[in-house]
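Here is a short report on selected strands and on a chain contact. Please keep the structure in view while reading.

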Amino acid sequence: MSDKIKIEEKIMKSPKDYDGYKKPTWCPGCGDYSILASLKRISAKLGIDPTQTVVVSGIGCSGKSYAFYYANGVHTLHGRVLPIATGIKLGNPELKVIAISGDGDALAIGGNHFIHTARRNVDITLIIMDNQIYGLTKGQFSPTSLHGFVTGSSPYGSKEFPVDPIVIALSAGASFVARAFSGEPKSLSDILEKALKHKGFAVVDVLSPCVTYNKVNTYDWYRNNIAFLPDGHDATDIKKAFSYAIDFNGKIPLGIFYKKERPTYEELMLDSKNPCREDLFCGKERVFELIEEYSK
Amino acid sequence: MKNDVQVRIAGIAGDGSFITGEVLASAFKKIGYYVVTIKDFPSNIRGLPSNYSIRGSLKPVYGRKDFDDFLIAFDIPSIKTHLKELDKGSVVIFDARDESSLTPELKKEGVFYFPVPLREIARKELGLELIKNMVAFGILSEIFNIEEEITSYVIAKHFQRKGEKIVELNKKAVLKGRELVKKGYNGFPEFKLEKAQDKKRILAMGNEFISMGAIAAGCRFLAAYPITPASEVLEFLSREIPKFGGVAVQAEDEISAINMAIGASYAGLRAMTSSSGPGVALKTEAISYAGMTETPLVIYYSMRIGPSTGLPTKTGQEDLLFIIFAGHGEFPRIVLMPGTPEELFYLTGEAFNLADEFQVPVFLVTDQFLAQNKFTVDREKIDPQKVEIRRGKLVLNGDNVPKKDGYLLRYKIEEDGISPRVTPGIKEGVFGMTGFEHDEAGYGTEDEDIRKKMVEKRMKKIPQIIKSVPKPLYYGKNESKIGIISSGSTFGPIMEVMERFEEKGVDISFMRLVTLWPFPQDEVRRFVEDKKVVFIVEQNYKGQIRFLVENAIIDVHKNKIRGITKYSGRPFKPVEIEEKIKKEIGNE
């Protein structure tokens, strides 16, 4: 636990101090409330400094998060949470970057970035608010919707099969991969805490019921279909992680599948102590040398 | 004695046309000549026809000549393809192997044909047929009277990384070529080049001038996806930026690239993304986002021709209106079009300054011709110390930041419409950034009053931008009643056309648009009003600069406008512009 942070007249000591610019406007009962509450609770516990943190969220119900949590907030284009977050991290590696995305934002329109950010292992915590539906556009199937799921845009039942963000994250090289359920705040908080402490790309897929448009994957449905990974699971064992993710006796497994630190992208790419990061005039010297080379 | 020569080296990709051209270009530079290279390569790696032209001139030149003086043809199809580029007095040097295939229709009147057993010499006397191209370079060097010391120097320079043995073999090949000419083989024509002052010059590709400009300007971030004809910037900066604690990222796609650059710029770095038409088409949503979030961003746009894949390795100016209008919604932007090597360098720096000062996206626009060809510039003309670094209202610490209840007012409505550019990490508070309409703290709002004020705030920058961007440049006699308006890479051929008319006693006034947007309405209007006829020279079919010019002038002046366009993908030859002007003014 770090010292309490004082910003102007604001002292960060309780979850309430992380209340954002706006009050959340999600539907009453939305699973996202619980995720936000857990995030604030853990932030207070870890003493996260809002001024040194950026919350980057995309478009959709999850995208509104940037204004609901007290930190620098970036509300990106739909699907572009991770490229912007990567740019910020490379732009200033001292900043803590928390990305919040939905299942559509992260896995459909932003699916490509999900793979490549995992591959690079940029030090970003990605929380996927996964409700298996497009809520803000009033109910269309999403990439995590179940086969046969009936929505406005799948009136005959979705003919697609759902994607599993855990399997993608594992195969793409994310160094922390976990799943939680917003109806299980204790384990959710525990997982978020570990994800936020992890150095590297941490993916937390949070099952978060949409009470307004998803009448199939309800709180009760999730409670009947989830199961926790065994206590003794060795999170450094990627084979086991895959095996649980692919087949867990027909249940949706919750917990930390995989966790193994490896060098982050910014560590590999950046000499962040280089004085020329600040001194933009450094380049002039080098250009004289280049001119010399091109004059030969 | 000659002082302006153009050599085309043609064959199939893999014949060594490219390296021959590079070596020849270095040799021309070394004897003190100005050089332009004209790459005409297919979008392919091996096996298809390719050719490379090198022009060397005692005077500064930035474009191709009307015709080739020499054609080195490594096969017969190359003669056939480039016959139209030859004129009376042109010389074709081809492999004696192909002599029997030189059918009458390939023999143009007044052109000299010299069969030389290039491959045979290379194979039998040098033990490597591949080296035929350096025998050809030797022949040219002797004809041009380029000293041996210089040819040896350039051979060493280009082949040193392949090892001493290869250098020596290539030098030997050059000597073989020289000997042939010395022995008067086949009676090669007299084409000695006039001696020049050996002046220090830089010979570099447009994309390299751009990259050097970015380094000198303090660019610390590039994100891009490989695309012709812009990739050299990604490669150059991947090599150079890390030395300054910055980073060049090869992103997974074009969309990611621009969004990463926006993220890095938000964090306070000077950031750029680079691409060409197909890539920028994908980036347009993010261009609007940069417009809405007022994030400074330099977009280097190297045009190729379309639509769609078009011709990726060919040149044109087909995207001008697209660049000006790309993106949904209304926001200010700046479009700069350098036309000379110096400008490629300095305008890159200026692009970063304008982006920082006005917190807008700035497009730095070239085309394949400028981007991928090499040009010479006097060394003293590129001075990194002259590159200013102006960062506008960038805020890196919190002392003077307007704040309210722990929030920093990143989008504070100021008199001049330009808010403090607060960056994240300032201890005194936090702020929002969103593509949604927002309040002064940067958080979304649908409030009608705030919406109006924010639009007005952003638009207030436009008159200031107009005052700050580079003005059009004028060449020739201002009082002339014949005008030319153009922009970008057409500069070289237009200057040569002006000279030709001047020699005949016809003065032309040329207005070159350096800033394409905001369009210099007033200057263009005044220019056209003053003329009897105005030619608009551009490399597209529809006349996009013409569209902008006609929009800037009143109806009675519109009948003065004549379009000179080219859309084949190849750069203008001076004669193509000259003929059209002649035809028009002859009618007066």
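## Strand S3 of chain A

S3(A) is covered on both faces: A:Thr53, A:Val55 and A:Ser57 on one side, and A:Val54 and A:Val56 on the other, are all buried. Buried means that 20 or more other C-beta atoms, placed from the backbone, lie within 10 Å of the residue's own. The strand spans residues 53-57, and five of its five residues are buried, so the rest of the structure largely encloses it. In a regular strand, side chains alternate between the two faces of the sheet.

This is a predicted model: local features need pLDDT of at least 70, side-chain atom pairs count only at pLDDT 80 or more, and totals for chains, interfaces and linings use all residues. Residues are numbered from 1 along each chain as its sequence is written, while chains are lettered from A and ligands numbered from 1 in the order in which they are written. Strands (E, at least two residues) and helices (H or I, at least four) are DSSP runs, numbered from the N terminus.

## Partners of S3(A)

Strands pair if DSSP finds at least two bridges between them. S3(A) pairs in the parallel sense with S5(A), residues 96-102, over five bridges. There A:Val54 stands opposite A:Val97. S3(A) also pairs with S4(A), again parallel, over four bridges. In S4(A), A:Asn72 stands opposite A:Val54.

## Across the chains

S4(A), residues 72-75, runs parallel to S19(B), and three bridges join them. A:Val74 has B:Met433 as its bridge partner in S19(B).

The contact takes 62 residues from chain B and 54 residues from chain A. Residues are in contact if their C-beta atoms, placed from the backbone, lie within 7 Å. On the side of chain B that touches chain A, H9(B) gives the largest share, nine residues. That side divides into 34 nonpolar, 15 polar and 13 charged residues. Nonpolar covers Ala, Val, Leu, Ile, Met, Phe, Trp, Tyr, Cys and Pro; charged covers Asp, Glu, Lys and Arg; the others, Gly among them, are polar.

## Strand S13 of chain B

S13(B) spans residues 361-367, and seven of its seven residues are buried. One side holds B:Pro361, B:Phe363, B:Val365 and B:Asp367; the other holds B:Val362, B:Leu364 and B:Thr366.

Seven bridges join S13(B) to S11(B), residues 297-303, and the two run parallel. B:Pro361 is the bridge partner of B:Leu297. S12(B), residues 334-336, also pairs with S13(B) in the parallel sense, over three bridges. B:Leu336 stands opposite B:Leu364 there.

Notes. A residue is buried if 20 or more other C-beta atoms lie within 10 Å of its own, exposed if 12 or fewer, and partly exposed in between; C-beta atoms are placed from the backbone. Two residues are in contact if their C-beta atoms, placed from the backbone, lie within 7 Å.
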